[in-house]
Amino acid sequence: MKRIIYFMLMAGVLALISCRNGKDRPDAYGTFEADEITVSSLANGRLLRFSVEEGMLLDSGQTVGYVDTTDLYLKKKQAMDQRSATAARLGDLDAQIAVQEQNKENLQLDQRRVESLLKDGAATQKQLDDINSGLKLVDKQIASIKTQSAGIQSTVGSIGQQIAQLDEAIRNSYIVNPVKGTVLTKFAERDEVTTFGKPLYKIADVTTMTLRVYISGTQLPHIKLGQKVQVRFDKDEKTNSTLEGTVSWISQAAEFTPKTIQTKEERVNLVYAVKIMVVNDGSLKIGMPGEIKLMNP
């Protein structure tokens, strides 16, 4: 009789455990992700400073190194000297224009006098014609000098654009971290020669992680944007840690289930990708497996 009662109790316990396990079964599986950014060099040259180490926390806008700018600085200085020398020619041309303008005023004064004398018969038409020819010549000289001045101004402007490009190249020689995050991988070392576009390091903001899971079509009506879910991940071999997550994205199109889904019946169905935003308490790592349990509203 005792043995019968014992087996009945054991059967009840097993049934209760089975019931709990079925009730506590995860609703979806996936892996944790983060938006990774690869920071590349925008200049060619030797890395004179590169203060980046894997695991280091960097702020957005923080300067972490720079490429040798000696050659760019020398080119900029040469361009600035050239611009100054070219601009100095404008002063000479302005002085020439001022002289011609004064000559024009003198000729115009003579023109008025000769016209008056011509009316009185005290001057000849040839005298007036000579003055008019002189005025036309002065106007052509002034126009020629102004054309030269415009060409020099254009040259000065072109040199100014070259200087601006060199300034931009010098700014790009400084390696500025684009986002606040943790350095995941380092691809370069100080004193190495780098080139434009060469990856230097990879960074990601891991304070908030994304758990990408896949749900079936039958689960789709029970999940919506902004919904809170229970996120689980391995604490040790037997227990899980839990955090609260928020549904941030639901795919509009179905896709084939990835191999990470646990059961065979789930693997043969089309599923929808879902992203769960989770505030990282320091336990979550990129690529770590996780699961979710939908919480009762």
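Two strands count as paired if DSSP finds at least two bridges between them. The views below come from a predicted model.

**View 1. A hairpin joins strand 11 to strand 12.** Strand 12 spans residues 240–250, and seven bridges hold the antiparallel pairing of strand 11 with strand 12. Within this pairing, Phe-233 has Ser-241 of strand 12 as its bridge partner. Strand 11 also pairs with strand 15 (residues 289–294), in the antiparallel sense and over four bridges. Here Val-231 is placed opposite Ile-292 of strand 15.

**View 2. Gln-219 lies in the loop between strand 10 and strand 11.** Strand 10 covers 208–216 and strand 11 covers 228–234, with Gln-219 in the loop that separates them. Gln-219 counts as buried, because its relative accessibility is 17% and the limit for burial is under 20%. A polar atom of the Gln-219 side chain is 2.7 Å from the backbone oxygen of Asp-27.

**View 3. Phe-32 of strand 1 is shown with Pro-289.** Strand 1 comprises residues 28–33, and Phe-32 has its place there. With a relative accessible area of 1%, Phe-32 is buried. Phe-32 and Pro-289 are 257 residues apart in sequence, yet their C-alpha atoms are 6.4 Å apart in space.

**View 4. Helix 2 and helix 3 cross in a left-handed manner.** Two packed helices are described by the angle between their axes and the distance between the axes. Helix 2 consists of residues 70–119 and helix 3 of residues 125–172; their axes come within 8 Å and cross at roughly 165°. Helix 2 is therefore roughly antiparallel to helix 3, since angles over 145 degrees are placed in that class. The contact of helix 2 with helix 3 has 24 nonpolar, 17 polar and 11 charged residues.

**View 5. Four strands form an open sheet in the order 6-5-3-8.** The pairing in this sheet is antiparallel. Strand 6 (174–176) and strand 8 (193–194) are the edge strands, each pairing on one side only. Strand 5, residues 63–67, is joined to strand 6 by three bridges in the antiparallel sense. In this pairing, Tyr-66 faces Tyr-174 of strand 6 as its opposite residue.

**View 6. A further open sheet of four strands has the order 2-9-7-4.** Antiparallel pairing is found in this sheet as well. Its edges are strand 2 (36–40) and strand 4 (57–58); each has a single partner strand, so one side of each is left without a neighbour in the sheet. Strand 4 and strand 7 run antiparallel and are joined by two bridges. Leu-58 has Gly-181 of strand 7 as its bridge partner.

**View 7. Asp-191 occupies the loop between strand 7 and strand 8.** Strand 7 spans 181–186, and Asp-191 is found in the loop between this strand and strand 8. Most residues other than glycine have a negative phi. In Asp-191, by contrast, phi is near 75°, a positive value in a residue other than glycine. Asp-191 counts as partly exposed, because its relative accessibility is 44% and this class lies between the limits of 20% and 50%.

Notes. Residues are numbered from 1 along each chain as its sequence is written. This is a predicted model: local features need pLDDT of at least 70, side-chain atom pairs count only at pLDDT 80 or more; totals for chains, interfaces and linings use all residues. Side-chain values use heavy atoms; hydrogens and water are left out. Axes are lines fitted to C-alpha atoms, for helices over the stretch in contact, and angles run from 0 to 180 degrees between N-to-C directions. Angles under 35 degrees count as roughly parallel, over 145 as roughly antiparallel, 65 to 115 as roughly perpendicular and the rest as oblique. A crossing is left-handed if the near helix is turned anticlockwise from the far one by less than a right angle, and right-handed if clockwise. Ala, Val, Leu, Ile, Met, Phe, Trp, Tyr, Cys and Pro count as nonpolar, Asp, Glu, Lys and Arg as charged, and the others, Gly among them, as polar. Buried means under 20% relative accessible area, exposed over 50%, partly exposed in between (1.4 Å probe, protein chains only). A polar contact is a pair of N or O atoms within 3.5 Å; within protein, one must be able to donate a hydrogen and the other to accept it, and residues adjacent in sequence count only if both atoms are side-chain atoms.
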